[in-house]
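Here is a quick tour for someone meeting this model for the first time. Have a look at the structure, then read on.

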Amino acid sequence: MADSAVSGNGTNSGDDPLQTAVWRLRSRACWADAAALLPTDTPACALQRAALMVERCLYTEGGWGEAEDALRTAEAVARTDEERGAAACERGQLAYAATLHGVRDRADEARAALGRAAALIPPGAPGRALLDFRRGLLAENLTRSPQAARAAYRRAHAAATAHTDPLLLSFTWRHLAGLALRDGELAEARHGFTESLRIREELGYLVGTAPALASLAETESEPEASRLREEAGRLFRLLGGVPTWLAAQLTPPAPGAATA
């Protein structure tokens, strides 16, 4: 399960019109178009462009060169420790995505970059929540340490709640639910997946709605499970097969095939 959870503005009616436009494009899997709207003269915009390009890699398994270019620019123009830490966090996420998708094993780079981010982003800062979430991703999917992942996700969940970051909350709900499902805690998993889906629908995060529907389907019985998967498949096709890694989850098993 590959997830991003890059947080940002533009999800509320009173937000800056530029950020609203960026959010609408991003939520519909148009990351390059969203990045093209951003000015090039501030560290914040350079970092936001890098985050968009990194997210595109995770969802499409492509665009690695553009993400590296955008990230190098963000690293070069960063001035404060928090800006450097945020750039390091994106560096760690890009290395994680490359490892997860089998492009190249960059697990050590991912760990080092997130460790550098932890040294630069102070406890209690808004960026710490996203960092904790990404450290959870590494623990769950690369280190295969569900206990460490759960602890990191819970820290991220608490911080996202404190900083009113609903998009990140949709990811922490989703990943905590995934761990609960792995442990056989069906009711807890269903609750977490339901909350994740609710938030994503409220935000209009279309590219993240299909994965949320498919995950919730894993906790439901028929005919609800099929209905959720069909809706997920409709959105998946609408977005041109993005996220790419969802295809396998939406493919029904062949008749008579064994299931794990």
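## Helix α7

Helix α7 has 16 residues (126-141), so at 1.5 Å a residue it should span 22 Å, and its end C-alpha atoms are 24 Å apart, which agrees. The expected span here is 1.5 Å times one less than the number of residues. Helices are DSSP runs of H or I with at least four residues, numbered from the N terminus. How many residues of α7 are buried? The count is 13 of 16, so α7 is mostly covered. Buried means under 20% relative accessible area, exposed means over 50%, and partly exposed is in between, using a 1.4 Å probe and protein chains only.

## Where this comes from

This is a predicted model, in which local features need pLDDT of at least 70 and side-chain atom pairs count only at pLDDT 80 or more, while totals for chains, interfaces and linings use all residues. Residues are numbered from 1 along each chain as its sequence is written, and side-chain values use heavy atoms, with hydrogens and water left out.

Most residues other than glycine have a negative phi, and most peptide bonds are trans. Which peptide bonds are cis here? One joins Glu 222 and Pro 223, with omega about 5°. Pro 223 sits in the loop between α11 (206-217) and α12 (224-238). Another cis bond joins Val 242 and Pro 243, with omega about 0°, and Pro 243 belongs to the loop between α12 and α13 (247-250).

Then there are the positive phi values. Arg 144, not a glycine, has a phi of about 60°. You'll find Arg 144 in the loop between α7 and α8 (146-162), and it counts as exposed because its relative accessibility is 60%. Thr 164 has a positive phi too, near 50°. Thr 164 lies in the loop between α8 and α9 (166-182), and is exposed with a relative accessible area of 65%.

## The nonpolar core

A nonpolar core is a set of buried Ala, Val, Leu, Ile, Met, Phe, Trp, Tyr and Cys residues joined through side-chain atoms within 4.5 Å. The largest one has 76 residues, and those with the most contacts inside it are Trp 31, Leu 52, Tyr 59 and Val 207. Which helix gives this core its largest share? That's α3 (residues 43-60), with 9 residues.

## A cavity

The structure holds 1 cavity of 30 Å³ or more, and the largest cavity has about 30 Å³ of space. A cavity is a set of points on a 1 Å grid over the protein atoms alone where a 1.4 Å probe fits but cannot get out, and lining residues have an atom within 4 Å of a point. The volume is the space filled by probe spheres set on the points, which are joined across faces, edges and corners.

What lines the largest cavity? Pro 43, Leu 47, Ala 74, Ala 78, Glu 83 and Ala 87 do, with α3 and α5 (81-100) each supplying at least two lining residues.

## Cysteines

A disulfide is a pair of cysteine sulfur atoms within 2.5 Å, and a search of the whole structure finds 0 of them. For Cys 30, the nearest cysteine sulfur is that of Cys 57, 16 Å away. Cys 30 counts as partly exposed, at 28% relative accessibility. For Cys 45, the nearest is the sulfur of Cys 89, 18 Å away, and Cys 45 is buried, with a relative accessible area of 12%.

Definitions and conventions
1 Å grid on protein atoms, 1.4 Å probe; cavity = no way out; pocket = protein on both sides within 12 Å on 5 of 7 lines; lining within 4 Å.
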